[in-house]
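Thanks for coming. I will take the ligand sites one at a time and then finish with a few backbone details.

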Amino acid sequence: MSETFDAIVIGAGPSGNACAYVMAKAGLNVLQIERGEYSGSKNVQGAILYADALERIIPDFREDAPLERHIVEQRMWILDDKAHVGGHYRSDAFNEEKPNRYTIIRAQFDKWFNRQVREAGALVVCETTVTELIKDAKGKVIGVRTDRDEGEVYADVVVMADGVNALVANRSGLKKEVTPESVALAVKEMHFLPQDVIESRFNIGEEEGVVIEVAGSVTVGMVGTAFLYTNKESIAVGIGCLVSDFTEAQVRPAFLLEKFKNHPSIKPLLAGSEVKEYAAHLIPEGGLNAVPQLFGDGWMIVGDAAQFVNAVHREGSNMAMTSGRLAAETVIEAKKAGKPMIASVLSAYKKALEDSFVIKDLHKYRRLPKVLHNNKHFFTDYPRLLSQAAETMLRVDGEDKRSKEKKITKSFRSTRRIGGLIGDMFNLARAFR
Amino acid sequence: MSDKAAPAAAAGGSRAGMKKELPERFRDYKHVWVLIEMERGVVHPVSWELLGEGRKLADKLGVELAGALLAGPGDASTKAIEEAFSYGADLVYLMEDPLLADYRNQPYAAAMTDLVNTFKPEILLMGATNLGRDLAGTVATTLATGLTADCTELAIDHEGSLAATRPTFGGTLLCTIHTLNFRPQMATIRPRVMAMPEAQEGRTGRVVRHSLVMAESDIITKILDFIPDANMDKAQLAYADIVVAGGMGLGRPENFKLVTDLAQVLGAEYGCSRPVVQKGWMPAERQIGQTGKTIRPRLYIAAGISGAIQHRVGVEGSDIVLAINTDPNATIFEFAHMGIVGDALQILPALTEAFRRRLAVNRLAG
Amino acid sequence: MNIVVCIKQVPDSAQIRVHPVTNTIMRQGVPTIINPYDLYSLEAALQLRDQVGGKVTVLTMGPPMAEDALRKAMGIGADKAVLLTDRFFAGSDTLATSYALSMAITKIAEDEPVDLVFCGKQTIDGDTAQVGPGIACRLGLNQLTYVSSIEALDAKAREITVQRRSEGGVQVLKTKLPCMVTMLEGSNTIRRGSMPNVLRAGREPIKTFNAAAAGIEDVTRCGLRGSPTVVKKVFAPKPRADKAKLIDTTNRPTSDIANDAVEAIFAAAPKLQTDLVGRAAQA
Ligand SMILES: Cc1cc2nc3c(=O)[nH]c(=O)nc-3n(C[C@H](O)[C@H](O)[C@H](O)COP(=O)(O)OP(=O)(O)OC[C@H]3O[C@@H](n4cnc5c(N)ncnc54)[C@H](O)[C@@H]3O)c2cc1C
Ligand SMILES: Cc1cc2nc3c(=O)[nH]c(=O)nc-3n(C[C@H](O)[C@H](O)[C@H](O)COP(=O)(O)OP(=O)(O)OC[C@H]3O[C@@H](n4cnc5c(N)ncnc54)[C@H](O)[C@@H]3O)c2cc1C
Ligand SMILES: Nc1ncnc2c1ncn2[C@@H]1O[C@H](COP(=O)(O)O)[C@@H](O)[C@H]1O
C-alpha cells in the first residue's frame, strides 16, 4: 500500500488538530497520527483556552465545544509560607456574548477538536507512534515510519506537532534536544467538588470561572509558578518549575504540589474534594532563544515542538493553534500554486509567524527566562518581604503607621541592598518590555 | 445503552417510581427456589449459602423454600437432598436423569424451564458461577422474565417484591433492581457473599420428583472429556482461603519467588496484578482484578501493588487485606485492613519466616 | 466462515466518579473503551477467520458515539462493522439488549448465514454475562460460554471443539455450528492491527441500523419498555471509614515487623489461625 497523502500531521494536540483541521477543510488529503488512545488522552487536564486563536479556525466553536467556565476573575497571589498578598481583577465586562477566555478540560476539549478534524475529512489514526521521518535520497522528508506492521506512510509534507519533547525532529536530526534549563515540569491534579460548592466558594455564577496565578515561596526558591482554575465540577491545581531547578534542588514535584495544596490560602478552596488524575507534563519555557529551525524540505514544526510558549502569561495552546493554522495555510497556498513542498516554499510559514503575535510575544519576553533564572530571590525574599509588609501595616497594635512604614522599608533594604533592589526592578522591567 | 444497571439508572428516573401491577397469569407464582448446583457429585457451596439467604426471604414472605436439584442417577443426590434440608429447604424438586449427569446448557435449561413452568416459583436464585450464569441467561430469556445478575444483597420490599442489589461500573456504584411484573424474579448471587448457614442435623422435608423429557440424540453438544484441575496445575485463586499476590513493586520476575515462598508456607494460592501478566512474569490465569480473577479469600496479602480500582474490585470481598507498599500514600492502604509501609523484598521473606515459625511452634504445642 | 462479534463500548471504570452529594455518576470526561472481555472474543474470531477464511463483522448496540469502538475493532482486524442505534434502545436491560442484538444478527445473516457469534464473557459496566446466553437462546445457537481454548473448527463438518471452564476442571465440548461462544479472559492476546488496517478502519463507512432496519417491528420489546427489570435505586457503596491499620515500622528490625503483622492477622481472624495450625499439624 503506497498511497501518498497531501500531508501527514504528527500529534493531535491543539497544534496538530488546528493544522489538520485547516488543511482538511481546504480539501487536502490529510493523515493525522496520534500516539495516545485518543486525542487528549495523553494531555494534562484542565487548562485555559484563549478563544481568539480557536475562533480564527472554527468561528462558531462555542456552540458545541466542551467549555467549562468563562473567566470573570483573575487573582494574582504572591505566597509566603503563611499568607498571600495579591491583586484581584474581576469585571462584568467578561460576561460578554463571546467571552475571551475559558477553562477547559483538555482530555475532553482535544477529543472534541479532533472530532471536528475527522468531520472535516482528515483521516485520524490513534494508538500509533511515529518513530522517524522517511527521507528521499536528497534528504527531503517524504513520509513517516510508525510502530505498526507495514507502518510506512507517505506524504508531500510532514508537520510535526508532537509536543514539547519533539522526539521525531530530534531523532531525525532536525532539532537539538531540549535542555533542562528551557523546560518546566508541571504537575497537576483535578479536585472534584459539586458545582454549587465551587460556585459558592469562589463567589461565581453558573458559567463563571476564576483563575488564581501564584508565585512565591511555594516553589521553595525555584523558578516557577502555581495555579488554580475552576472548572464546572472540578478544580485544577498545579505547580511547575524548571527541570534544571528540580534536579539542582533535589525536590520532587509531587512534594511541591502537596505543599501548595496545603498552603493556608489554598487548602480551604479545595476542602472536601475528591482527587483524581495526577499528571505531569513538560512546558517549553526557553522562549525565543530555544525556538529551532521551523521548516525544511518536506517538513515543518508547530506548537510546543517548536517551543512556542509564553511562560509569563501561561499561553501555549493559542500559540500552538496559531502556528498550526499558519503551517496549514502555507501548505494550502503552495498546493494551490502547484509549488513543491521544499524549504524555499515553506519558508512562508516562518514569515507568517513573524507577522503574528506568536513570534512578537516571544520576542518581547526573550530576556525573562534568564533574568528569573539569575535572580532566584524573586521567588524567596520578595514574597516573604511583601507578606511581612502587609502584615505589619494591617496589624493594629498601637504602633503608629509611620514607624511601620519605616520598618518595612528597612526590612526590604536589609534583605536586598538598595542597589540590588533597583537592579531587580530594572531587570524585571526590561525583561517584560 | 443496554444494561439496566448503567444508563437506565440515569435515564430511568421515571421508572424508579414504577408501581407493581402483577398480571393475572403470574398471581399463582409462589415460593422461593434455590438451584442446588451439583457437578460430578459435588455441590457448589454457593447453593448452601443461597439456601441460608433464601430461608430469610421465604420467612419474610411466609412461603416455602425449595431446592431444585438436577442430577444424574446415583447416591450423590440423596446426600445433597439431606444436606439441602439441613440448610433450610422445606422441599426439594428432583430431576434425575443420565442426561443431567454433567452440565450442558441445553438439557439443564430445558429441565429448569419445565420445572418453573410446572411448579411456578416467585423467586429463583442461582449462584453467579460459570454454571449459574450460563444457565440463568437461557432460562430467563426463555421465560421472558427479569434477571438480576451477580447480586451481593437480597431483600423483600414493602410490596413483597425481590429487591436485588448488585455492584455496577466495576464496583464504583451499587444498584437495587426489581422485577416487578414478571415471574419468577430471577437473580444470580456471587459466591462467598452470603453467610454459610448452620446445618441443622436431622431436619427433613419433602422430595418432589419430576422427569426430563429428552433423549441424548436431542442434545447437540457432546462432552468429549473432562480434565480435572488437579491434573492441570491451574490456579484455584477464586476459591482459595489465602492468596498472596505481587505487583510491579517487586521489580523483577525473580522476586516473585518471595511471593510463592510465602504462599507455600501458608498453603495459599498466589497471584499478581495485571501489568505483571502483561510483562509475561506470570501466566494470565494468575491475574487478580476486574479483567482477571475475583477472589474472596479469608486473607489476602498484596505486596508491591498500588491498589488501582480494577485491582481493588477483584479483592474487595477478602476478609482481611494486608498490604505491603513502600509508598504510604498508595491507594491500596485505603481499602486494606492492615498495612506495612516498607520494602516488600524485605518484608515478604520476613513474613514467610514469621509464619513458618508461628505454625511450627503451634504444631509442637498442639 | 461468517462470524459476528458483539462488542460493547463501556466507560473506563477506572475513571468513573460518583458525585459526592447526589450519588449519580459523573460522566464528565470519562473515556470509553471496548469492553476488555470482548477483545478476547474478537481475537479468537480473527484467529478462526485467518485459519479457515471468511469474514468477521463487529456489532454493537449503543449511541452513535459507539462508532469509535467499531472503528477500533476494524483497526485491529475486523472486516465489517454494524452499529445498532435508535432512541428506542435506550435503557435496555439484558433481555431487551439480547433481543435487539439477535434481530440485528438475523438481519446480517440475510446476506450470508452466520456460523458463529462471539460475545464477551461479561461487560465491565453491566457485568451480567447474560447478553450472550440471551442471544444464543433467541437465535437457537448452541452455547459455549467460558471457553478457554478453541481446539478445532471443522468447517466442512460444521463442528467446533472447545475447552470450557467449569467447576473444578475443564470440559471438552464438541458442538455443531451455528453457535455462540464467549471466551475466557487471558485465553489469547489481542493483536495490534497493521497500518493498512487502521487506515481502512478510519475510512470505511459503517453500516447503521435503527430499530426498523434491524427488522424490529414491535419497539415495545426494546429499551426501557422491553425490560422486565426496573432499577429502583443507584447509590455509592459506603466508603470504608477506617484506613488500613499500619504496623509500626519505625526503626525496628524486619523480623519484628513481620511478627507484629502475623499477630495482627491472627488476632483479627482467630479461626484462620486454628485452621492453619491444624493444617500444619497434619502436614
Ligand atoms: C500544566 C500545564 C498547564 C498549561 N496550561 C495552559 C493554559 O492554561 N493555557 C494554554 O494555552 N496553555 C497551557 N499550557 C501549554 C499547552 O498545554 C501547550 O502549549 C499545548 O498543549 C501545545 O500543544 P501541542 O499540540 O503543540 O502539543 P501537545 O498538546 O503536547 O500535543 C502533542 C501530541 O502529539 C502526540 N505525539 C507525541 N509524539 C508522537 C509521536 N511520535 N507519534 C504520534 N503522536 C505523537 C502526543 O500524544 C500529543 O497528543 C499548559 C501546559 C501545562 C503542562
Ligand atoms: C480496562 C482495564 C482493566 C484492568 N484490569 C486489571 C486487573 O484485572 N487487575 C489489575 O491488577 N490491574 C488491572 N488494570 C490495571 C490497573 O489499572 C493498574 O495499572 C494495575 O493494577 C497496577 O499494577 P501494580 O499495582 O502492580 O503496579 P503499579 O501501579 O506500578 O504499582 C506498583 C506499586 O508498588 C509499590 N512499590 C514499589 N517498590 C516497592 C517495594 N520494593 N516494596 C513494596 N512496594 C513497592 C509502589 O509504591 C506502587 O504502589 C486494568 C486497567 C484497565 C484500563
Ligand atoms: N450493547 C451491546 N452491544 C453489543 N454487544 C453487547 C452489548 N451489551 C452486551 N453485549 C455483549 O454481551 C456480552 C455480555 O454482556 P453483559 O451481559 O452485559 O455482561 C458483552 O461482552 C458483549 O459481547
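**Ligand sites and some backbone geometry**

A backbone N or O atom of Ala129(C) sits 2.7 Å from an oxygen atom of ligand 3. Before going further: this is a predicted model, and every distance I quote is computed from it.

Staying with ligand 3, a backbone N or O atom of Cys6(C) is likewise placed 2.7 Å from an oxygen atom of the ligand. Asp38(C) makes its contact through the side chain, with an N or O atom 2.5 Å from an oxygen atom of ligand 3. How much of the ligand's own accessible area does the protein cover? Ligand 3 on its own has 480 Å² of accessible area, and the protein covers 100% of it. The space that ligand 3 takes is the largest cavity.

As for what builds that site, strand S6 (55-61), helix H3 (94-111) and strand S8 (116-120) of chain C are the elements that give two or more residues to the shell. S6(C) gives the most, with three residues. In total 21 residues surround ligand 3, and the closest are Cys6(C), Asp38(C), Gly120(C), Thr128(C) and Ala129(C). Those names are on chain C, but ligand 3 lies between chains B and C. By class, the shell has eight nonpolar, nine polar and four charged residues.

One remark on chain C itself. The chain is divided into domain 1, residues 2-226, and domain 2, residues 238-283. The centres of these two domains, taken over C-alpha atoms, are 45 Å apart.

Next, ligand 2. Which chains supply its surroundings? Residues from chains B and C surround ligand 2, so this site is shared between chains. The shell counts 27 residues, and the closest are Ser273(B), Thr291(B), Ser306(B), Gln310(B) and Asn325(B).

Taken on its own, ligand 2 has 990 Å² of accessible area, of which the protein covers 77%. The elements giving two or more residues to this shell are helix H8 (274-278), helix H9 (309-315) and strand S17 (320-325), which belong to chain B. The class count for the shell around ligand 2 is nine nonpolar, 15 polar and three charged residues.

That leaves ligand 1. Here 39 residues form the surroundings, and the closest are Ser15(A), Glu34(A), Ile48(A), Asp304(A) and Ser317(A). A nitrogen atom of ligand 1 is 3.1 Å from a backbone N or O atom of Arg35(A). The ligand exposes 1,000 Å² when taken alone, and the protein buries 96% of that.

Which elements of chain A each supply at least two residues of this shell? Among the helices they are H1 (14-25) and H9 (317-336). Among the strands they are S3 (47-50), S11 (183-192), S13 (224-230) and S15 (274-284). At the level of domains, the shell draws at least three residues from domain 1 (4-68 + 104-176 + 292-355) and at least three from domain 2 (181-284) of chain A. The shell residues divide into 17 nonpolar, 13 polar and nine charged.

Last, the backbone. In chain B, the peptide bond from Arg183(B) to Pro184(B) is cis, with omega near -5°. Pro184(B) lies in the loop between strand S10 (173-179) and strand S11 (185-189) of that chain. In chain C, the bond from Leu177(C) to Pro178(C) is cis, with omega near -5°. Pro178(C) is in the loop between strand S11 (169-176) and strand S12 (179-183) of chain C.

Where is Arg158(C) found? Arg158(C) is in the loop between strand S9 (142-154) and strand S10 (159-166) of chain C. Its phi is positive, about 55°, although the residue is not a glycine.

Technical notes. Residues are numbered from 1 along each chain as its sequence is written. Chains are lettered from A and ligands numbered from 1 in the order in which they are written. This is a predicted model: local features need pLDDT of at least 70, side-chain atom pairs count only at pLDDT 80 or more; totals for chains, interfaces and linings use all residues. Side-chain values use heavy atoms; hydrogens and water are left out. A residue is near a molecule or strand if one of its heavy atoms lies within 4 Å of it. A polar contact is a pair of N or O atoms within 3.5 Å; within protein, one must be able to donate a hydrogen and the other to accept it, and residues adjacent in sequence count only if both atoms are side-chain atoms. Accessible areas come from the Shrake-Rupley method with a 1.4 Å probe; for residues, only the protein chains shown count as cover. Helices (H or I, at least four residues) and strands (E, at least two) are DSSP runs, numbered from the N terminus. Ala, Val, Leu, Ile, Met, Phe, Trp, Tyr, Cys and Pro count as nonpolar, Asp, Glu, Lys and Arg as charged, and the others, Gly among them, as polar. Domain bounds come from an automatic or database domain assignment. On a 1 Å grid over the protein atoms alone, a cavity is a set of points where a 1.4 Å probe fits but cannot get out, and a pocket is an open set with protein on both sides within 12 Å along at least five of seven lines; lining residues have an atom within 4 Å of a point. A molecule sits in a cavity or pocket if more than half of its atoms lie within 2 Å of its grid points.
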